[in-house]
Protein chains: 2
Amino acid sequence: MAETSVFFLPDNIEVKIALGQTLVQAAAEAGITLRGACGGKGACGRCKVQVSSGNVTLTGTSKITPEEAATGWVLACQAVPEGDVTVFIPEASRLVEHRVLLEERQAGVLGILAEEAVEVAPLFHTEVLRLCAPTLADNTDDYSRLLWTLKRERGIEKVWTNRRVLKELPRVLRESDWHVAVDLARIGGWSEIQGIRPTGREAEDAYGLAVDIGTTTIAVELVELTAGKVAGTAGTYNRQAAFGDDIISRIIHAIETPGGQAELQKAVIETINGLITELLQFRKLSPQDVRAVVCAGNTTMIHLFLGLDPTYIRLEPYVPAANVPPPVKAAELGLQVHPEAWVHCMPAVSSYVGGDITAGVKVTGMNDAESLALFLDIGTNGEMVLGNRDWLMACACSAGPAFEGSGIACGMRAADGAIEAVRVFPGGFEVAYETIGNKKPLGICGSGLIDILSSLHGAGVIDRNGRFVKGNTSPRVREGREGSEFVVVWGNETGHGGDITVTQADIQNLMRAKAAVFAGLRTLMISVGLEIGAVERVFIAGGFGRFINIRDAIAIGMLPDIPLESYTYIGNSALKGARLALISRKAGEEIKAIAGRMTYVELSSGNRFMEEFISALFLPHTDMSLFPSVEGGSYGKVHSCH
Amino acid sequence: MAETSVFFLPDNIEVKIALGQTLVQAAAEAGITLRGACGGKGACGRCKVQVSSGNVTLTGTSKITPEEAATGWVLACQAVPEGDVTVFIPEASRLVEHRVLLEERQAGVLGILAEEAVEVAPLFHTEVLRLCAPTLADNTDDYSRLLWTLKRERGIEKVWTNRRVLKELPRVLRESDWHVAVDLARIGGWSEIQGIRPTGREAEDAYGLAVDIGTTTIAVELVELTAGKVAGTAGTYNRQAAFGDDIISRIIHAIETPGGQAELQKAVIETINGLITELLQFRKLSPQDVRAVVCAGNTTMIHLFLGLDPTYIRLEPYVPAANVPPPVKAAELGLQVHPEAWVHCMPAVSSYVGGDITAGVKVTGMNDAESLALFLDIGTNGEMVLGNRDWLMACACSAGPAFEGSGIACGMRAADGAIEAVRVFPGGFEVAYETIGNKKPLGICGSGLIDILSSLHGAGVIDRNGRFVKGNTSPRVREGREGSEFVVVWGNETGHGGDITVTQADIQNLMRAKAAVFAGLRTLMISVGLEIGAVERVFIAGGFGRFINIRDAIAIGMLPDIPLESYTYIGNSALKGARLALISRKAGEEIKAIAGRMTYVELSSGNRFMEEFISALFLPHTDMSLFPSVEGGSYGKVHSCH
């Protein structure tokens, strides 16, 4: 028998697979994408499933406890069916599409930035022109006549074109009686004539794409270029996630696996193409209608997207191949849009401050403001920019992916069933919580983790060092396999039946993450001789910021202790910035100018950051004067769950 | 029998052809290219051959006299062998390679322009750079580091590159220990990085090509770019000649024959590729070594070369698709050089004043001089430029191809056996002549035709109207098939055994041609309010000028009557100008500036030209005051044949 049958629950899907294939491959066959951060090496423990009947051969047992193993739990990537099997896939092991990334909602006290009105001057547009017909007294060549008309009638200079357009130019001009529609793509101050047609045969309105290429998720906005209006948005997980959770593991995959770089490029292009197809189908458009693409992403993502060598991003002194890669034609990348569409990537500043950040800063407007602002994007990586219209400084604070749920036993991304808000009552006996989508809890996402850290400290369960206080009598505090842990939700309430806990190791991870953020900020401030209190506005960007409770984030010493009304949530600012660059050439130029004048501070250079980091490994900080509103080192203001 | 055998004399080559194929196809099979201006339609009469044994079926009899037919003469394109045949091909029917085009020799009284020394700054070169290695304190991206070094160390700004170079950049920089050779192609004020290599692995010196794309002949110069030195030259007939002699017949072929335009493009590209192969083999180089190409040609030739639509060049108001087509990559055209090499075309001014002229003007330096100069290029077409550093006016004088031997019964191109200098003694009884290569005469080329016209007038054989004087008793004056004619060389002295004659119709053709040149010049002069005598220098360009006798050209009223020492022969100025643009970006910019400030005067617009033309249909002119040195309307100064 060369085949075996796998029946998946609760999906009720049966698939046939070849003998020797793993349950991950079987799930893929069934259309179910399992989570995985290690590329199927059994290292990350994300693809946990329960074999309810039949036998599997295990090629490894890591990340599975003896208790779990006894009840049939296996890692799908390590399990090869010996014959027909039935397998249960818990929600926590699935890659779930979460569209929420694309929307905005007011989280806690966060204000939302009003969208600035921009003058629409997109990267692709069509000019309808009436040329003077040539006479013997004015018999200049067709191409010069066209260029001259563009200049005189529309003020468009610095124009070039290709042989294809030149070839059809004489015929089209005469067939149209010198009344033509000219397709113009803008690139770096120049305009490329990409087509010329008789008027009346104009294509429908041209579209463009703004693309946010995140390490974890990718979002695409379809934009009606002439109107500058969003015509649709789609988002999904970056398929590169199968090769590693963070940029470092992706870079290692690119370098060390033969063909790895091509594999990663293919994964991201396919992810984007999938979203494009979805958007185009919905609007009944063809790939030919999409005439310009602007991508924003961190430096590594852009390297992998363009197929550039990411090797030296990871190695000291952390040098990218190109911060400002020249635009390329879509056809060269295999993007399913008009083959001649230019793909622009937002300019990066360094290996760890990418085009997502420069585009995001443009969205805040802080580059034009007098007041001192802080831009914070805590996603899979953590980047921040400090400054105003006179200066801009940036750093990457290596917060690690703890706030994305990675490296946390019961951590998960902000998806349905994630605990996003938590309140631990004094003593740690009682807990109130809220989940995304009001589903049974499956794990804890970043904002929930901040709440827990703050709340456990406020409730006296952990001390200022983040250590469990001895002698706590709450049944929720217990000794687990990896030391002390706190039970946030008992198994009878959860979606998967297991307890949701926070361990001592989790707390230390979170402490390091929050300390990195604050230490990065302090290092920036000190380098310009300013105190934390000088910050007048804080802009929180990215998926993480959506659910964050600012009070709690201040209480744990992660965010500066300034009035809550100084904080603004700006959503997916990378995507918004990319859209601005797509529909406004002025905005694009401003983003380039932002990148050009942003000073990158390399935190790993010198001792300052490390000193600040160590000082910040307390709740909220060794220097309590930095957090005047956080009373006596404990979180005094009880807040209600929202 | 599906095949028949054709034996060619005097070549002694036998070939087998399929039954039904013509003698033109048989000759091609034998490696002999026959002349032909009509594309095998039997209309031009150029491919005359003699069938000495065997029978042929004739598909037409035009252009063959009964006497010729009686002795076996046929048009090869109209003759299909019925069985084995033996065929004699006279020299006059062969397309002969004539390298003489590429050289220069002092013709008659013509001085030769000394080549200006130019600062070498070629369109492609390699910069060897030592970059500062990155440190934590200076960890900008590789690409910015490279751009910054190019700017600081070499003053090179406005640089772009492609993804291929960016992909290898990080590896090459580190493998070379930051000491690299960077290949730079220059295009329109910008520089494209086309490659980066560790130093020590530099390619041999890069080469470029200067190409003169003439209607009749094509010349290619291989240039060592860094030294700015010519490494080899090759020239041959433009294979497009098979589709017509002049640009109008080529345009008609392009428009009216399905696939004609592609056929013409293929023919010119193949001609150039043949010359490239020849040059590269001689120098033991590969196509990869050729990194830049500059072409100069008339507007139609450049259109056909680039595959642009030439339709409207021919139709009033004579509008080209593009005077200044953007550079294209060699691979796009199929040129057998480095695929990334940019192919630049010298800028044209109008349909009939092309890049060969603007490049030629740069060679004369008249655009920079205070004195008023005239640039004359009388080839298959006739173009002239009048002006100085303050202004430049150009026109195309539609001289027709008479001076190339076309439309003249015994006319031929300047090749071995062509009569290039003639003296007719008083009364027309005796004639002295000289041929190119001292071969037995086969026909008369342009300079010989001018001599004959001048000399027949001076000898009293023809009158001021160009008509044979009645009552001449010389046996050389006789009535031929097409009216009166003059026997220049008797058949017993010629290479083909036939008499070489000049007919009344030939003389009228030559009168029209010379009148067109002078009328063009007069029209230009009058439009700026100047008299002919104001011209201080005359530059004669092109193959025709090589052999011209200036005294005779003045005597017939073709060239202005100014001192002979004002005349300078500048050889193939199109090729020289292309070479200047190849090795000196400054020269290229100057040629663009020349094209930009050259005013084109359309002679077919208004009546002025036609009036001047009619006035010039005399020897030398109706207004004798324009030719003070030409005594009493007859050519008084007997000159010796050189």
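**Exercise 1. Determine what share of the residues in chain A is buried, and describe the overall dimensions of the chain.**

Step 1. Buried residues, meaning those with 20 or more other C-beta atoms within 10 Å of their own, the C-beta atoms being placed from the backbone, make up 54% of the 642 residues in chain A. The model is a predicted one, in which local features need pLDDT of at least 70 and side-chain atom pairs count only at pLDDT 80 or more, whereas totals for chains, interfaces and linings use all residues. Residues are numbered from 1 along each chain as its sequence is written, and chains are lettered from A and ligands numbered from 1 in the order in which they are written.

Step 2. The secondary structure of chain A comes to 17 helices and 30 strands, taken as DSSP runs (H or I of at least four residues for helices, E of at least two for strands) numbered from the N terminus.

Step 3. Chain A has a radius of gyration, taken over C-alpha atoms, of 27 Å, close to the 26 Å of the globule rule (2.2 Å times the number of residues to the power 0.38) for 642 residues, so it is as compact as a globular protein of that length.

**Exercise 2. Work out the strand order of the open sheet of 6 strands in chain A, and find which helices lie across E16.**

Step 1. The order is E15-E14-E13-E16-E18-E17, with mixed pairing, where two strands pair if DSSP finds at least two bridges between them. Strands E15 (229–237) and E17 (328–329) of chain A are the edge strands, each pairing on one side only.

Step 2. Within this sheet, E13 (residues 207–213) and E14 (residues 217–224) of chain A run antiparallel and are joined by 7 bridges, and Ile213(A) stands opposite Ile218(A) in E14(A).

Step 3. Helix H7 (residues 299–306) of chain A lies across E13, E16, E17 and E18, running at about 140° to E16(A), while helix H10 (residues 355–364) of chain A lies across E13, E16 and E18 at about 100° to E16(A); these angles run from 0 to 180 degrees between N-to-C directions of axes fitted to C-alpha atoms, for helices over the stretch in contact.

Key. Contact = placed C-beta atoms within 7 Å. Buried ≥ 20, exposed ≤ 12 C-beta atoms within 10 Å, placed from the backbone.
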